[in-house]
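Hi everyone, thanks for making the time. Let me put the structure up on the screen, and then we can walk through it together.

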Amino acid sequence: MGTKLSVFCDKVIEAGWLAAVIVEPLFFNVYSSRVFEPDKLTTLRSIATVMVVAWIIKTVESGWEDRPEGQTENGENRKREETTAPAASGFFKTPMVLPTLFIVAV
């Protein structure tokens with residue numbers, strides 16, 4: 001179980017993708033001559049930006065949690081050699097982190 005901030009960030013992320021799925025198809029400007037008008041693009045980018053900020057806050061906050069050495073987030077004990085590895089190495093082992101960083105860099 002996470003802290004109140006991480007739970008709030010989870011709710012913001014979930015509300016964001018639900019809003020994107022519901023709001024984007026319904027957002028329609030009758031006075032526009034283009035199908036994919038800039039208003040629709042701006043709405044989706046704004047929702048995505050809020051979701052990314054919530055994800056970054058959650059990631060930073062979960063890395064700063066105080067837990068006893070050798071103990072995982074679930075309270076289970078880890079082997080001694082695993083505790084010496086830096087926390088950033090686990091971040092880069094997440095499947096889509098490196099491709100996402102590459103796309104952001106481009």
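Predicted model: local features only at pLDDT ≥ 70, side-chain atom pairs only at ≥ 80, totals over all residues.

Let's start with a contact between two helices: the buried residues of α1 pack against α2, residues 38-63. By contact I mean heavy atoms within 4.5 Å.

Residues are numbered from 1 along each chain as its sequence is written, and side-chain values use heavy atoms, with hydrogens and water left out.

Now the overall layout. The chain has five helices and zero strands, and from the N terminus the elements run α-α-α-α-α. Helices here are DSSP runs of H or I with at least four residues, strands are runs of E with at least two, and the numbering goes from the N terminus. Of the contacts with a separation of 6 or more, 48% are between residues 24 or more positions apart.

Which residues of α1 are buried? They are S6, C9, G16, A20 and E24. In α2, the buried ones are K40, I47, A54 and E61. The cut-offs are under 20% relative accessible area for buried, over 50% for exposed, and partly exposed in between, with a 1.4 Å probe and protein chains only. Across the 106 residues of the chain, 12% count as buried.

For those of you who like helix geometry, α1 covers residues 4-26, and its 23 residues reach 32 Å from first C-alpha to last, close to the 33 Å expected. That expectation is 1.5 Å times one less than the number of residues. For α2, 26 residues should span 38 Å, and the end C-alpha atoms are 37 Å apart, which agrees. There is also a kink of about 25 degrees in α1, centred on A20. The bend at a residue is the angle between axes fitted to the seven residues ending there and the seven starting there.

S6, in helix α1, has a relative accessible area of 6%, so S6 counts as buried. Leaving aside neighbours within four places in sequence, S6 is in contact with K58 and E61. K40, in helix α2, is buried too, at 16%. Not counting residues up to four places away, K40 touches E24, P25 and F27.

How many salt bridges does the structure hold? One, meaning a side-chain nitrogen of Lys or Arg within 4 Å of a carboxyl oxygen of Asp or Glu. D10 forms that salt bridge with K58, and the closest N and O atoms are 2.7 Å apart. D10 lies in helix α1 and K58 in helix α2, so the pair ties together parts that are 48 residues apart in sequence. D10 is partly exposed at 35% relative accessibility, and K58 is partly exposed at 26%.

Finally, the surface. The accessible surface comes to about 8,800 Å², with 67% of it belonging to carbon and sulfur atoms, computed by the Shrake-Rupley method with a 1.4 Å probe. L18 lies in helix α1 and counts as partly exposed, at 35% relative accessibility.

That's my tour, so over to you for questions!
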